[in-house]
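Dear colleague,

I am handing over the structure we discussed, with the sequence alongside.

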Amino acid sequence: MSMDALLRSEEMTLCQMFLQSEAAYACVSELGEIGLVQFRDLNPDVNAFQRKFVNEIRRCEEMERKLRFLEKEINKDGIPMLNTGDNPEAPAPREMIDLEATFEKLENEMKEVNSNSEALKRNFLELTELKHILRKTQTFFEEAHQHQQALHDPSIAEERVGLLGEDPVTRSGQQNKLGFVAGVILRERIPSFEVMLWRVCRGNVFLRQAEIEAPLEDPITGDSVYKSVFIIFFQGEQLKSRIKKICEGYRATLYPCPETQAERREMAIGVMTRIEDLNTVLGQTQDHRHRVLVAAAKNIKVWSIKVRKIKAIYHTLNMFNLDVTQKCLIAECWCPVADLDRIQQALRSGTERSGSSVPSIINRMQTRMVPPTYNRCNKFTQGFQNIVDAYGVSCYREVNPAPFTCITFPFLFAVMFGDMGHGLIMFLFALFLVLKEKQLEAKKIQNEIFNTFFGGRYIILLMGAFSVYAGLMYNDIFSKSLNLFGCQWVLSPLSPEYNVITSKPEERIFVDPNGTFTGTSYPIGVDPIWSLAKNKIAFNNSLKMKMSIILGVSQMFFGIALSFLNHRHFQRPLNIIFDFIPMVVFLFCMFGYLVIMIFVKWLKYSSTSKPQPPSLLIGLINMFLFNYKDGEDNMIYSGQQGFQSFLVIVAVLCVPWMMLGKTIYQRYLKRYGQ
Amino acid sequence: MACPVLGPKCSVYYMIISVWGVIMLILMGIFFKVRSPALFEDVAVDEGEWHSQGMDLKYVKSKYDDNALNCWIAAALYALLFVFSFIQQRMNARQTYETS
């Protein structure tokens, strides 16, 4: 393997495959398992419905529909679906028929069970309602009987209902025989039902109703509803037909209710026994359904994977071409050159599995097409490669920034984060994710936020580790400083400020580094004295800004250097002359010079320097404005004015060099031939 | 067994938080006892009262000791929380074990 393997994307080649028709399925299955080829669609303008294997795909989708239906039923019952985590291979085409038969049988069984239980529940509902009617109308008729006695006295008015049954009493022109209908209606509908009856029958009917306390289950939707029993007394056939129509309109179910007490009691007993029988049957139906679903739940995940793999194989086979002899399929694919052996092995095992005698052939083709970019990653580099690809996938054989990103990304994050305590917590959290990664992966958690963190666990691990180091540099642990090596600022008892401390401890004193700083720096990190200083933030800002400029500019230089590697690899000398060199010069003249000045200022001035050292920021601004009015004491070195002016002019000249150089040169070449 | 007060995720979360709290508060208590200057701004020194005592160093030292004691008491409370949430987590685990 060449040194280029990690630096650039993999070398790819276009291959042509000749597969026997019988062996094609098995070979594609093997290639799918190793996952190293990308097939090209050789029938791009063929409609999806005109492809060769459209029937098989249709069958697969039918199977997927049945599986979805089964999954829904399993979830409705709350049965857990076993997920063993094993990865079954795609079954052979003849096994597909077995799978289809199994699914068909399961689906039919489920549908039958569901419709049966629906019918049973409807029956159950009717019987329950009848039971309630028989119970409630008992009270109505009893009242009626009492009033019947009272009505023997003709002097009493007759608004009360009564006469039913065997004892018609002739009264002054009143009803001899009252008819009645009994039924059940939803509780919400009773008021408007009553009003409608009153209006339509002109007040000549009488309604009595009683609520059913227990809610009843609607057979279709399954939710509980509250209903009431009602009984309507009327006289005459016309009223009866009107009442029946109104009941139909309000979807009240009418039940035949016997008139005599004895008959009602008999009916009630019959209804109770039938309800008990129905309950037993319903229970058994539910048990049967549960058993079927539990048996299906054991295999359903494996089946889903198998069906998906079959579908994928047929989709791939649809991309192939059938050659003139109609005997073999031709496929074109991109694959890495380094993996050709593994691919050939996969083809061989596929041909063996299908029992075909003719071997499958793969040969490389020369082409002018640009191959796809393939970066081989492991679980550590995959996260960083994803971040880099989010900004744009690199071109074929370009330098891959991902290996460098593995370190620079966490390092720059740590420069921003820089706290030992919080960095440690981040590191421990990521360490937990990394050590338990096998168990966590097997759980297949669906939470999106958790998956984001889990996918980036190596990134977070490195970020935490680097943050601990950056915290050590910034001397920051949970925003407090540690004094590990002894503070290097010592206030001697002879200085005037010392008296201030002892006599007026609450006052703040100004500590001049000239007398106080011992001269030897705190070995690692920022001196802890700064945590007590009021201008701690001002000092830290200056320090961190300068560090960020140094690190940022170095990274920019590094990026441009990588582009030089690209130009050299693709042999584009023009790019080196007209892109790389002006970019480097421009960056150096402006920011490279600033970085050098930062180092010079750090080295040249010490705590004993008398005048205030000149500000670099103001100096940079003045450099571009050619403003040197402030005179010699603001210069860091002699000849600074001339050198800086030279740098600015060179930087400005780089701009047309970059923008126009290559264009003009290429135009010149084209016009005057070569 | 009585049903647990906290759920499974809550009890594990409280356990982790209380471990962190115990370790960090014990260390902070030690740093207050040692009278580290970095923690000076967190010590509640009342200027007036300090002045009335004549800028005595003992006043500041007693304040430091108070804070150290507070930290250790808080660490003890977190330890209790850890024990409580550990029991809850055990009860939760047993419940899921029994029902499955």
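Predicted model: local features only at pLDDT ≥ 70, side-chain atom pairs only at ≥ 80, totals over all residues.

Residues are numbered from 1 along each chain as its sequence is written, chains are lettered from A and ligands numbered from 1 in the order in which they are written, and side-chain values use heavy atoms, with hydrogens and water left out.

The second largest pocket has a volume of about 630 Å³. A pocket here is an open set of points on a 1 Å grid over the protein atoms alone, where a 1.4 Å probe fits, with protein on both sides within 12 Å along at least five of seven lines, and lining residues have an atom within 4 Å of a point; grid points are joined across faces, edges and corners, and the volume is the space filled by probe spheres set on them. Of the 21 lining residues, N83(A), K301(A), I305(A), R308(A) and K444(A) are the closest to the centre of this pocket. Six residues, the largest share of the lining, come from α7(A), helices being DSSP runs of H or I with at least four residues and strands runs of E with at least two, numbered from the N terminus. K444(A), in the loop between α12 and α13 (448–455) of chain A, has a positive phi of about 55 degrees although it is not a glycine.

The contact (heavy atoms within 4.5 Å) takes eight residues from chain A and eleven from chain B. About 800 Å² is buried between the two chains, 70% of it from carbon and sulfur atoms; this is the accessible area (1.4 Å probe) lost on putting the two parts together, summed over both. Two salt bridges are counted between chain A and chain B, a salt bridge being a side-chain nitrogen of Lys or Arg within 4 Å of a carboxyl oxygen of Asp or Glu. K480(A) and E41(B) meet in a salt bridge at 3.5 Å, N to O.

Over all chains, the whole structure holds 28 salt bridges. In one of them, E10(A) pairs with R376(A), with the closest N and O atoms 3.1 Å apart. E10(A) lies in the loop between α1 (4–7) and β1 (12–20) of chain A and R376(A) in the loop between β11 (361–365) and α9 (381–391) of chain A, so the pair ties together parts 366 residues apart in sequence.

With best regards
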